[in-house]
Amino acid sequence: MHVMIIGGAGMVGRKFAERLARTGVIGKSAIDRMTLVDVVEPTAPKTAAEVRTIVTDLSTPGESEKLVAMRPDLIFHLAAIVSGEAEADFDKGYRINLDGTRFLFEAIRQEGLRQPYKPRVVFSSSIAVFGAPFPQAIGDEYFSTPATSYGTQKAIGELLLSDYSRRGFFDGIGIRLPTICIRPGKPNKAASGFFSNILREPLSGQEAVLPVSESVRHWFASPRAAVNFLEHAATIDLAPLAQRRNLSMPGLSATVGEEIEALRRFGGDKAVKLIRREPDETIIKIVSGWAERLETRRAEALGFRAETSFDEIVRAHVEDELGGQV
């Protein structure tokens, strides 16, 4: 099995590659080759499999063809610029998030026209494809009306994936990730970054800024859950999906206030006091158009699972990133 992870230097891509390196298998298939692709050099995990790292920009014409010529059996397309950056730079957002996706899908189609080739493609989408006004819970039948450029780009990617799968060019599944929390590392340009920042930094004794009110509610899952989603999406039978190839992933609906109370249980009042309130109207406006709660019956019926309490999310971060201690 040859596995290619596009976006392999990102947080989820890195953790997923490390998982595959540890197990050496995906489903019932042994992994003998792994290719990690990103605009910066990915870190190759230690594994018995052959690992190759490639630095390239998927949105550059001709680059997708080079990758697809390697004919990987599994392609995970995780590469994107994040929501805040896509909103701030319209041209860059469409070039990376839309053109890069379209070029990849078309390269797979063209490769298959030359010689039979039909890989499994797992596309990382987002709950940003949904926009307000929302029902009490967004169900599987709810329509996509994104309120941001990032959400629009992801929604178009979902449509392309469904159409290319319908035509038999590849076997695709799109997974709409909840906001992943707690993200390790440094703050990024995602508008949702504060959801992680207000937990990650205080748990390490550092100050963090909260730009929205504590009443803001959102849909979350941990990095562990995200890795599980990807692995499960690569191995399940997609026939039950028929032509509806995009799924909202399970998650946890919680308020910022509930996040903070989970922080208090792990880090005490001293950690909570490190959160500084600084309202940011731009972020407040973006977040107001995001999903608060989803019903994910289709995904759950297929075996996708996530956390059921914010304590589980914080505990996963403490165990995976802080050596089990705060």
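Residues are numbered from 1 along each chain as its sequence is written, and side-chain values use heavy atoms, without hydrogens or water. Because the model is predicted, local features need pLDDT of at least 70 and side-chain atom pairs count only at pLDDT 80 or more, while totals for chains, interfaces and linings use all residues.

**Aromatic pairs**

Rings of Phe, Tyr and Trp (its six-membered ring) pair if their centres lie within 6.5 Å; planes under 30 degrees apart are stacked, over 60 edge-to-face, and the rest tilted. Two of the pairs are set out here.

| Pair | Centre to centre | Angle between planes | Class |
|---|---|---|---|
| Phe-105 and Phe-123 | 6.3 Å | 75 degrees | edge-to-face |
| Phe-130 and Tyr-142 | 6.0 Å | 55 degrees | tilted |

Phe-105 belongs to helix 4 (residues 90–114) and Phe-123 to strand 7 (residues 120–126). The pair links distant parts of the chain, 18 residues apart. Helices (H or I, at least four residues) and strands (E, at least two) are DSSP runs, numbered from the N terminus. Both Phe-105 and Phe-123 are buried. Buried means under 20% relative accessible area, exposed over 50%, and partly exposed in between (1.4 Å probe, protein chains only).

Phe-130 and Tyr-142 both lie in the loop between strand 7 and helix 5 (149–166). Their pair ties together parts that are 12 residues apart in sequence. Phe-130 is buried at 2% relative accessibility. Tyr-142 is buried too, at 18%.

One aromatic cluster is formed by Phe-105, Phe-123, Tyr-164, Phe-169 and Phe-170. The charged end of Arg-109 sits over the ring of Phe-169, 5.5 Å from its centre. That description requires NZ of Lys or CZ of Arg within 6 Å of the ring centre and within 35 degrees of the ring normal.

Just after the helix, Gly-168 takes a positive phi of about 85 degrees.

Arg-245 lies in the loop between helix 7 (223–235) and strand 12 (246–248). Is Arg-245 buried or exposed? Arg-245 is buried, with a relative accessible area of 11%. Its side chain reaches the backbone oxygen of Ala-242 at 3.0 Å.

Two strands pair if DSSP finds at least two bridges between them.

Strand 9 runs parallel to strand 11 (residues 217–221), joined by 2 bridges. Thr-179 has Phe-220 as its bridge partner, and Ile-180 has Ala-221. On the other pairing, strand 11 and strand 13 are antiparallel over 4 bridges. There, Trp-219 stands opposite Ser-253 of strand 13. Strand 11 is largely enclosed by the rest of the structure, because 4 of its 5 residues are buried.

Definitions and conventions
A polar contact is a pair of N or O atoms within 3.5 Å; within protein, one must be able to donate a hydrogen and the other to accept it, and residues adjacent in sequence count only if both atoms are side-chain atoms.
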